[in-house]
Amino acid sequence: MRGDKAPETYSISLSVASGFEFVELVEAVTTTLARLTGFDEETAMWISMAVREAVINAIKHGNKEDRQKRVEIQYAFNHDGLSICVRDQGSGFDPSQVPNPLDPENLLKPTGRGIFYMKAFMDEVDFWSSPTGGTIVRLRKKIRSRNP
Amino acid sequence: MLHIAHRTFGDVHILDIEGRITIGEGTLHFREAVHRVLQQGGRNVLLNLAGVTHMDSSGIGELVSAYTAVGNRGGCLKLLQVPPRIREVLTITKLATVFEIFEDEAAAVESFR
């Protein structure tokens, strides 16, 4: 991000096998990029937690823990914020069918909070089915304020 | 990494937890520690979360499962010294209304009487 002629937006891509041992790697990369984007340490941590959830969902629900299938993570960041797309190679899903974990009947369920986590810590979370298969989750976080 | 130390104060089982309760080794280690307490006949369980740095949705799920498992055996699971980050997660998931949370260990232990 240094230099007068630096490009406006930077892009970085990661591709990992569907194993939970790679989640920590994605978290570390996300934290580093969030800090590079300009987020404070605490916000960077929450962004990383949200991306973790997206990657875990991709491994668990999208790729069904099939290690032959990949999870692609694409980062785009500039002075305005950070955008992360997480793509699996599964058969897709309808996020509207996910029960609300805040409903009283779901409060003590041990699962079903991943998407809620993402939405709680990011400004925007969108889901769509890729034309070439799989689900793409896009998470965006804007820089709230920056010194002039 | 997650480190859990088990101590007792009367019939109250206190688990001092440090590290990350996140999917994988963290949630597994946490689950095993709670089950060991239950297998030993423990029913009053106090989780000291002062040293917990991260808790993802799987960690929250394990916490809820532990609460239910202890309750199903006629016991009670309570929380001690919940760090701000974890308290925020409990608040947004509405679980802060489910768990009894204490700052003072003596008061927490006494609450089981």
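How many bridges join strand β3 (residues 44–55) of chain B to strand β4 (residues 76–80) of chain B, and do these strands run parallel or antiparallel?

Modeller: Happy to. Please keep in mind that this is a predicted model. The strands β3 and β4 of chain B run parallel, and five bridges join them. For one pair to click on, take N48(B), whose bridge partner in β4(B) is L80(B).

That pairing belongs to an open sheet of five strands in chain B, with the order β1-β2-β3-β4-β5 and mixed pairing. The edges are taken by β1 (2–9) and β5 (101–102) of chain B; each has a single partner strand, so one side of each is left without a neighbour in the sheet.

Now for the helices around β3(B). Helix α1 (residues 25–39) of chain B lies across β1, β2 (12–21) and β3 of chain B, and runs at about 15° to β1(B). Helix α3 (residues 84–92) of chain B also has a link to β3: the buried residues of α3(B) pack against β3 and α2 (57–72) of chain B. Those buried residues are I86(B), V89(B) and L90(B). Seen down the axis of α3(B), they fall within an arc of 95°, so they line one face of the helix.

As for confidence, chain B averages a pLDDT of 96, and 100% of the residues score at least 70. For the complex, the predictor gives an ipTM of 0.85 and a pTM of 0.89.

That brings in the partner chain. The contact takes 13 residues from chain B and 16 residues from chain A. On the side of chain A that touches chain B, the elements giving two or more residues are α2 (41–62) and α3 (114–121) of chain A. The largest share, four residues, comes from α2(A). By class, this side of chain A has eleven nonpolar, two polar and three charged residues.

Strand β3 (residues 81–87) of chain A is mostly covered, with six of its seven residues buried. Strand β2 (residues 70–78) of chain A pairs with β3(A) in the antiparallel sense over seven bridges, and a hairpin joins β2(A) to β3(A) through two residues. In this pairing N78(A) stands opposite G81(A). Strand β5 (residues 135–142) of chain A also runs antiparallel to β3(A), and seven bridges join the two. There, R87(A) stands opposite I136(A).

L25(A) has 13 C-beta neighbours inside 10 Å, so it counts as partly exposed; a residue would need 12 or fewer to be exposed. The C-alpha atoms of L25(A) and N106(A) are separated by 31 Å, and the two residues are 81 apart along the chain.

Terms used. Residues numbered from 1 in each chain as written. Chains lettered and ligands numbered in written order. Predicted model: local features only at pLDDT ≥ 70, side-chain atom pairs only at ≥ 80, totals over all residues. Pairing = 2+ DSSP bridges. Contact = placed C-beta atoms within 7 Å. Axes fitted to C-alpha atoms, helices over the stretch in contact; angles between N-to-C directions. pLDDT = per-residue confidence, 0-100. Nonpolar A, V, L, I, M, F, W, Y, C, P; charged D, E, K, R; others polar. Buried ≥ 20, exposed ≤ 12 C-beta atoms within 10 Å, placed from the backbone. Arc of directions from axis to C-beta.
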